[in-house]
Amino acid sequence: MVTINGREYWSTRTPTRPGYAVPFPRLGPSRYDQASSAQRRRDDRIADRVRDDRMVILEPGTLVVFQRSPYRIVEVREIPPDLWDEKWHQAFQDELARWDARPWGDRPTLETWRDRPVSVVVRPDKQPQAKPMHMRGRASFKWDVLPEHYAVCNACGELPPCQHELTEDKVRAQMILTEELMAIPAGHCLSCGEAITSRMKAERFPGPNLWRPDLGDGSAVFHARQECSHDVYRYRQQWEAAGNAAPQAELPLEDV
Ligand SMILES: [Zn+2]
Ligand SMILES: [Zn+2]
């Protein structure tokens, strides 16, 4: 599980290979013969071949990850252009316009366009009686292809990390944060936990302490510095949601 910009992206721990519904040309112009030295051109060729070698073209029986579970491909089909919806034709026209403005590689055709729609049918692995799922998507969509010997959670059967494991991890991480917060002495910064000396600027919030109610009213105080500002922001959101107006910044009690 990786978090990018606050969004979580799940991928299973079993190493997967990139899979595509149909073979299609690489994105962008071929790098062949574009590098300035013979050795670099050779390195480029080898890097491309290694990537192609890892790539899997889906076929009936290929194991893929779908909705965090193992599925088998039942069928992959090209969709003839006369069966495309209007939005696919429009997207293709947009692609041609982009290519005409800045040509690279071969001009896409209805048959070679890498985002053309394909039909993919999958079924949960080891459930031959299950109803197959029909999907329609871009040919360029990257599937995660599982090896035949893939791992599942011994407790629940999901691909690892399973929901339960992720939840446990989150609960543990939250507990550590809570313990840190509960250990902050009265008058210290609720973000970093360190003392706020009389020379430091501070941000104090009147009213009940939303994070440490045990410290009493008006006790929520933070360093007014960049380092602690993230928690000030979080606290202010909650404080304002509780019906309060903007707090006043406190000036240092002494001149430095
Ligand atoms: Zn599990
Ligand atoms: Zn602080």
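Visitor: Where does Pro-161 sit in the chain?
Guide: Pro-161 is placed in the loop between β9 and α3 (163-182), where helices (H or I, at least four residues) and strands (E, at least two) are DSSP runs numbered from the N terminus. The model is predicted, so local features need pLDDT of at least 70 and side-chain atom pairs count only at pLDDT 80 or more, while totals for chains, interfaces and linings use all residues. Residues are numbered from 1 along each chain as its sequence is written, and chains are lettered from A and ligands numbered from 1 in the order in which they are written.

Visitor: And the peptide bond from Pro-160 to Pro-161, is that cis or trans?
Guide: That bond is cis, with omega near -5°.

Visitor: OK, new topic: which residues have the most contacts inside the largest nonpolar core?
Guide: They are Ala-21, Leu-58 and Val-64, in a core of 16 residues. A nonpolar core here is a set of buried Ala, Val, Leu, Ile, Met, Phe, Trp, Tyr and Cys residues joined through C-beta atoms within 7 Å. Buried applies when 20 or more other C-beta atoms lie within 10 Å of a residue's own, exposed when there are 12 or fewer, and partly exposed in between, with C-beta atoms placed from the backbone.

Visitor: What does Leu-58 touch?
Guide: Leaving aside residues up to four places away in sequence, Leu-58 touches Gly-19, Tyr-20, Ala-21, Val-64, Ile-73, Val-76 and Trp-143, contact being C-beta atoms, placed from the backbone, within 7 Å. There is also a second, separate core of twelve residues, which includes Leu-190, Phe-205, Phe-222 and Val-232.

Visitor: How is the protein divided into domains?
Guide: The domain assignment, which is automatic or from a database, gives domain 1 (2-151), domain 2 (154-183) and domain 3 (186-250).

Visitor: How many residues of domain 1 are in contact with domain 2?
Guide: Seven residues of domain 1 are in contact with four residues of domain 2, although the C-alpha centres of these two domains lie 33 Å apart.

How values were computed
Contact = placed C-beta atoms within 7 Å.
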